[in-house]
Amino acid sequence: MKYLEDIILKLGAVDRRIIFLLIGLAVLIPLLTPISLPVRETPTTVKFYEGIDSIPKNSKVLVSFDYGPSTRPEIHPMNVGVLRHMLRNGHKIYISCLWPDGIYMALDALEEITDEVNPDNQSTFNIKEYEDYVLLGYRPGAEAVIKGLASDLRKVYTVDAKGRFIDDIEMMDEIKNLNDFAYIYSGSAGYPGTFEWVKYGGDPTGVPMSSGTTSVQVNEVIPYVQTGQLIGLLAGMPGAAEYEKLIASPGIAIQGMAAQSFAHIVIVIFIVFGNLAFFIKQRRDRKY
Amino acid sequence: MLLKRYIPIGIVAFFGALTLSAWFIDNETIETFANDDATQFFDIIAAFAVFLGALNLLKLQFIKVLKQQSGWQYSAVAIASFFFAFIIGFFIRGAYFVGEEVYFSQGAAEEAILALGSSEQIVPVDWGAHVQTDGSLFQWMFKYIFSPLSATMFALLAFFVASASFRAFRARNLEASLLLVAGIIIMLGRVPVGSLISSWVIMYIIAFSVGFGVNAYTRNRNMALGWVLGSFGLITGLGFTMGWPVDQPAIFYLPALQEWIYLVPNLAGSRAILIGIGLGIVATSLRYIFGLEKSYLGE
Amino acid sequence: MNNKYQVYAGGIVGILLLTLALSSLPDSLNFFREEKSAMFAFTLTVIMIMLYEVRLAKNSSEKTFLRTIPGLKAVEEAVGRSTEMGRPILYVPGIMDMNEVETVAGVVVLGHVANMTAQYETELDVPVARAIVMQSARQVAKEAYMTQGRPEMYNEDMVHYVTDDQFAYAAAVNGIMQRDEPAACLYMGKFFAESLLFAETGNSIGAIQIAGTGSQTQIPFFVTACDYTLMGEEFFAASAYLSEEPELIAGITAQDIIKVLLIGFIMLSIISRAFFDLGLTDFNLITWLNL
């Protein structure tokens, strides 16, 4: 028993580099040898999915890429999934970016959609710029951009990401401001993002909106879901995985869930051993 | 005194009051100022101020390199990276279209035309669009240098969360124990592996843990053993009766429990903290507007 | 004391009457947004309470009781520790710009810390992520050193710009921590995901760490990894607490009074909503106030 207690005490004082190594392995191994784990949808994700499905077919939707490469693993699968879902329902997509990195995330997402092929080796979506989507691009100003979009889109965007005049784009003819969109979606990793879209975009205009956020932000954003200002929510990578399951397009989020699961298990095991060591040390100190 | 104290305070008071009143006044000019112009003023000032920051950065790094101070090699990398990004952002187009293909330079585009025997024209991308064009040199820098570095720094969080949790989650007192238990429930309940853990397993764990508590409280091992065996028997009987459903009773099913923790106690606590923060921001902002707080001027 | 609350009661009645009058203006004169009446009344109430408390504090000789905030008490201890160990203090005023109230609060606290470092002759290092913050922080630090009579100790490069990018800034600050090994690390401002990177690195070098932020999502990380954390309101009260100026402390008293009013209003709303949901009445306070 004393021998076991000594081992637990040693584990409780383990060098953090051992923890780092084990976490690294816990994440790496499931990524290299994919392990399938069942994904269970949560009500917020189901609400999000149903919210998009309820948009009248062939509507105009605004999708905002408000994240960068650091939060790409969490938000990118959501945004790609949303693009897929929107395109399947025949919607026209207008892409804006409040982050300077967002434009590159948008380009990558569009490339992924364009390169996707069905079992017959045909392009699944066959999307064409200026027919299926317009890439408006990045504009600095954070909430000022959203306020501008809410009043007059052409105040903020005179040209798109490729430098083409907005007035020369047929898809933009009927778009004056946010009120001309049927839905707003923001894939957001922080500021500017969900809050700004709700405060200055969705709320003042009454256009239905939702968002995908990092896990850390969910706490802050959940009140908006409760009040109905956001129709559902994609909460971090688990939310992205649930959404991929709902739209029947398994991707990197579902693959990543095994890695995240094992990492969490390793952390919990360390916490348990840490506490056991703490109690044993307390008891021994009391004896003396 | 006038220039250093009263005029700045006056400016803060005027613009603060104007922006605050814009929320309540139905006047297009004031609304436009508060919603668009004020933020744009700030963005323009911040954009020009970046030059000051960049010059300061370069000055310090150059001094380190020239004086060969400790770590000067990193400063050399910093200076080289700065000028690399600066030049390809401002002076090199980096995107020349030949049909659908993009080349970094005019020369590369011409070579490609010769190699392919194509009759396509070289179309240089517009200035401005060159940083947002797919396949441009700037995008190459972003994709293969900046993105991996950014993602690496963010990935450090995974390791740091593990070491921080290991160090900090100790059941020192009641509050720390609650934090610990809630943390474990959320960590496991949030991921697919949590849905694989049957609620019956949780019930057995709870019964076993309570057994320790009984032993600590009564100092009677027989009583503790009796409790553990009794509760195990009860749980087993209940399980056989109900057919061992994985997610029932829901109160012990980790995903359901974590959702409840998120949506009820966590949300309540978050809202309370948010209200406090909001009040703090209101009070602090009013202190600045009314000139009560002048420390930001250096007083 | 009783007079004060009578003044507030009278003031609130006056504010409600004013709001009613503004809402009732004829269309030709109507410049007031009626749908924002509730917020207008609340804002004026907050202003009234704050200004009156400041006036009372100016005329009073009584010291207002402020509960001990361990994090703020520890600031001087941290500066003293750094002086004894002969190591610098690292101060991070957040990663956002001066348009965020938290950043302004962080720069204000920097002034107080700079006062202490000037007094104790301790080295201060302030890497910033925004150029405007750099200018403001320099001004504040310079004034602090001048006030303490140590202008020769001030060097404008103690406040230096690093980069705007979040994780590049985090990498730079972590590098400074690893190389310079400050004895105390103070994080006061608005933070995002990089908060844990700072806190864990600071922990690994054995520095005493004091954090203060209103970023709700980052508070748990700071609480876990730092020695002291100022959460939300405590951070905004820091300037008042450290300066001990009666006028600033009056602001905190005003906050407390407003909080009591808010709690009362929340209770009233809950009762109103409960009656509405039970079908006992058609009146819903929240809808009526357009909130």
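Author: In chain C, 70% of the contacts with a separation of 6 or more are between residues 24 or more positions apart; two residues are in contact if their C-beta atoms, placed from the backbone, lie within 7 Å. This is a predicted model, in which local features need pLDDT of at least 70 and side-chain atom pairs count only at pLDDT 80 or more, while totals for chains, interfaces and linings use all residues. Residues are numbered from 1 along each chain as its sequence is written, and chains are lettered from A and ligands numbered from 1 in the order in which they are written.

Chain C has twelve helices and six strands. These are DSSP runs numbered from the N terminus, helices being H or I with at least four residues and strands E with at least two. Along the principal axes, the C-alpha atoms of chain C fill a box of roughly 65 × 45 × 40 Å. Of its 291 residues, 49% count as buried, a term for a residue with 20 or more other C-beta atoms within 10 Å of its own, these atoms being placed from the backbone; exposed means 12 or fewer, and partly exposed lies in between.

The part to look at is C:Val133, which sits in helix H5 of chain C, residues 131–147. C:Val133 counts as buried because it has 29 C-beta neighbours inside 10 Å. Leaving out residues up to four places away in sequence, C:Val133 touches C:Pro93, C:Asp97, C:Met98, C:Thr103, C:Val107 and C:Val128. C:Asn99 is 34 residues from C:Val133 along the chain, and their C-alpha atoms are separated by 9.6 Å.
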